[in-house]
Amino acid sequence: MSERKKLSIPGLFKKVANNEPITWLTCYDYPTAYLQEEAGIDMILVGDSLGMTMLGYESTLPVTMDDMIRHSQAVRRGAPNVFVVGDMPYMSYQPSVESAIRNAGRFMSEAGCDAIKLEGGGEMADRITGIVKAGIPAIGHLGLTPQSVAALGGYRVQGKGAEQAKKIIDAAKALEQAGAFMILLEMVPDRVCKLITERAENCIIMSLGSGPDAHGQLLIYHDMFGLYPRFKPRMAKMFGNAGEVILNGLKQYVDEVGQKSFPQPENWFGIKDDEYEQLLSTLG
Ligand code: KIV
């Protein structure tokens with residue numbers, strides 16, 4: 001396990017002040033969390049995208065709080081020194097401020113998260129305020145918000161028109177004023193993201209497919225490494241094709257077992273001759 005010190009919220013703001021971009025990745029399991037900590041990633045998002053990438057659902061909507069807590073706990077065990085954000089799943093905060101505070105609290109008390117993230121604009125400002133008042137750091141999420149994919153009409157760029165872009169800019173200010181210390185902009189045009197970043201006073205702006213001018217970048221881990229077979233979003237740069245490496249290894253395993261070239265003596269365990277003879281004699 002790396003010995004590095006976990007970034008705090010003041011530490012994240014210090015990076016912003018020093019003009020050092022923040023690195024943020026999704027992660028849902030222990031071994032990947034371990035690798036992300038080793039690699040020096042600043043923040044992890046245990047995203048409800050795990051519903052698609054890990055559980056094979058068609059959308060994030062079926063994901064439950066219990067799913068999120070189980071995966072957040074595994075991530076925390078793998079990356080004890082990374083700032084971990086728990087992503088509030090569908091209907092864990094929409095019904096009421098009270099439900100939002102209660103479920104945000106579960107991420108902190110049961111999974112050891114450092115903050116929570118929730119989707120939505122000004123209409124979610126009271127949830128953010130309630131959560132922050134309960135002592136829980138909160139992150140907003142604007143632009144393409146996958147939990148509202150039906151209302152948004154699909155996974156598409158948000159804020160391409162001036163009117164819609166202005167709404168996103170106003171929503172970012174509302175979330176900042178409600179107490180969000182960070183806002184994620186997903187699939188928002190680069191210049192709109194830049195305007196929001198320039199206008200942020202006490203809030204860190206992160207980009208997912210929203211250009212280079214935010215304070216940092218988020219990517220979906222499974223897209224970076226070719227691990228999600230259904231589709232590859234345009235914004236996702238592939239940093240390595242782990243999916244292909246694994247597939248080739250699996251095919252090789254099938255071949256080697258079929259041809260009886262696996263296993264070899266180094267892959268199994270033996271018994272000493274005298275013990276074996278004794279064993280045979282007891283069998284008659
Ligand atoms: O669940 C998730 O991974 C997310 C990202 C799409 C931002 O919310």
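Modeller: Let me start with the residue classes: Ala, Val, Leu, Ile, Met, Phe, Trp, Tyr, Cys and Pro count as nonpolar, Asp, Glu, Lys and Arg as charged, and the others, Gly among them, as polar. The model is predicted, with local features needing pLDDT of at least 70 and side-chain atom pairs pLDDT 80 or more, while totals for chains, interfaces and linings use all residues. Residues are numbered from 1 along each chain as its sequence is written, and side-chain values use heavy atoms, leaving out hydrogens and water.

Colleague: How do the residues lining the second largest pocket divide by class?

Modeller: They divide into six nonpolar, eleven polar and three charged. Of the 20 lining residues, Gly 120, Gly 121, Glu 123, Leu 142 and Thr 145 lie nearest the pocket's centre.

Colleague: And what is the division for the largest pocket?

Modeller: There the lining holds 17 nonpolar, eight polar and eight charged residues.

Colleague: Why is Gln 147 called buried?

Modeller: Its relative accessible area is 6%, and buried means under 20%, exposed over 50% and partly exposed in between (1.4 Å probe, protein chains only). Gln 147 is therefore buried.

Colleague: What makes the pairing of Gln 147 and Asp 48 a polar contact?

Modeller: Their side chains are joined at 2.7 Å. A polar contact is a pair of N or O atoms within 3.5 Å; within protein, one must be able to donate a hydrogen and the other to accept it, and residues adjacent in sequence count only if both atoms are side-chain atoms. So the 2.7 Å pair qualifies, and the side chains of Gln 147 and Gln 94 are likewise joined by a polar contact, of 2.9 Å.

Definitions and conventions
On a 1 Å grid over the protein atoms alone, a cavity is a set of points where a 1.4 Å probe fits but cannot get out, and a pocket is an open set with protein on both sides within 12 Å along at least five of seven lines; lining residues have an atom within 4 Å of a point.
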